[in-house]
Amino acid sequence: MVLNKTSYMKNLIKNNYPKVPVFAVMIIMSFILASCTISYKFNGASIDYSKTKSLSIVDFPNTAELVYPPLAQYFTETLRDTYAKQTRLQLLKRGGDMNIEGEIVGYQLTPMAISADSYAAETKLTMTIKVRFSNNKNPEDDFEKSYSAYQTYDSSRMLTDVQDELMKVMVTEITDNIYNDTVAKW
């Protein structure tokens, strides 16, 4: 009697493996999967979402001597976007479990390296933001702090030509630092 390959395999499986009900395998697999849970946080946030559910970020007014009109709105929106993308907190204008408010207090130019003809070869643009953070669920986390960032650019270029690019870099640096100090606890 000659068996084809399919029949041979069926016969081999039938004779060599014990019969285990499918539902028993399903129950065992569900216990294994339920007992093995691994949790990773890639955003670095250390928020107890069972207690803290919302965050309010008030608009940051620009009170600096040198005012760049788009800065206040850009900073506030970038800060809100940072928390929206990296946490599950509901963002509110006011009255959240955690609150962030403050103002832009500095936006200034400083001449840096002096060239041979006694003119500045580089100029430093510095931005300073004053922040007040309060956590209604953990008042010991409250703080008031100033954050600064700066960028230098070649003085042969006009500020208006580089300002948007420099502002974006500084705002990103400051919002990351605020995020780290408030919820990431780095």
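This is a predicted model: local features need pLDDT of at least 70, side-chain atom pairs count only at pLDDT 80 or more; totals for chains, interfaces and linings use all residues.
Start by selecting Asp181, which you'll find in helix 4 (residues 159-184); helices here are DSSP runs of H or I with at least four residues, strands are runs of E with at least two, and both are numbered from the N terminus. At 25% relative accessibility, Asp181 counts as partly exposed, the class between buried (under 20% relative accessible area) and exposed (over 50%), using a 1.4 Å probe and protein chains only.

Residues are numbered from 1 along each chain as its sequence is written, and side-chain values use heavy atoms, with hydrogens and water left out.

**Along helix 4**

Stay in helix 4 and pick Thr175. Thr175 counts as buried because its relative accessibility is 1%. Show the side chain: one of its polar atoms lies 3.1 Å from the backbone oxygen of Thr172. That is a polar contact, meaning a pair of N or O atoms within 3.5 Å; within protein, one must be able to donate a hydrogen and the other to accept it, and residues adjacent in sequence count only if both atoms are side-chain atoms. What does Thr175 contact, leaving aside its neighbours within four places in sequence? Select Phe75, Thr78, Leu79 and Thr82; contact means heavy atoms within 4.5 Å.

**Over to helix 3**

Next, click Thr76 in helix 3. Thr76 is buried, with a relative accessible area of 2%. A polar atom of the Thr76 side chain is 3.0 Å from the backbone oxygen of Ala72. Setting aside neighbours within four places in sequence, Thr76 is in contact with Val58, Asp59 and Phe60.

**Rings to look at**

The structure holds four aromatic pairs. Rings of Phe, Tyr and Trp (its six-membered ring) pair if their centres lie within 6.5 Å, with planes under 30 degrees apart counting as stacked, over 60 as edge-to-face and the rest as tilted.

Select Phe60 and Phe75: their ring centres are 4.9 Å apart and the planes are at 70 degrees, so this pair is edge-to-face. Phe60 is in the loop between strand 1 and helix 3 (71-86), while Phe75 is in helix 3, so to speak a link between distant parts of the chain, 15 residues apart. Both Phe60 and Phe75 are buried.

Then go to Tyr68 and Tyr107, whose centres are 6.1 Å apart with planes at 5 degrees, so the pair is stacked. Tyr68 lies in the loop between strand 1 and helix 3, and Tyr107 in strand 3, so the pair ties together parts that are 39 residues apart in sequence. Tyr68 counts as buried at 11% relative accessibility, and Tyr107 is buried with a relative accessible area of 2%.

Two more rings have a charge over them, which takes NZ of Lys or CZ of Arg within 6 Å of the ring centre and within 35 degrees of the ring normal. Select Tyr49 and you'll see the charged end of Arg88 over the ring, 3.9 Å from its centre. At Tyr150, Lys124 lies over the face, 4.8 Å from the ring centre.

Switch to cartoon view. Five strands form an open sheet in the order 2-1-3-4-5, with mixed pairing; two strands pair if DSSP finds at least two bridges between them. Strand 2 (90-92) and strand 5 (143-154) are the edge strands, each pairing on one side only. The twist averages 25 degrees from one strand to the next; axes are lines fitted to C-alpha atoms, for helices over the stretch in contact, and angles run from 0 to 180 degrees between N-to-C directions.

Walk across the pairings:

- Strand 1 (residues 54-57) and strand 3 (residues 98-111) run parallel, joined by three bridges; Ser56 is opposite Asn99 in strand 3.
- Strand 3 and strand 4 (residues 122-135) run antiparallel, with 13 bridges; Glu103 has Lys130 in strand 4 as its bridge partner.
- Strand 4 and strand 5 are antiparallel over 12 bridges; the partner of Glu122 is Asp154 in strand 5.

**Helices on the sheet**

Finally, bring the helices back. Helix 3 lies across strand 1, strand 2, strand 3 and strand 4, at about 135 degrees to strand 3. Helix 4 packs on the sheet too, touching strand 3, strand 4 and strand 5, and its direction makes about 150 degrees with that of strand 5.
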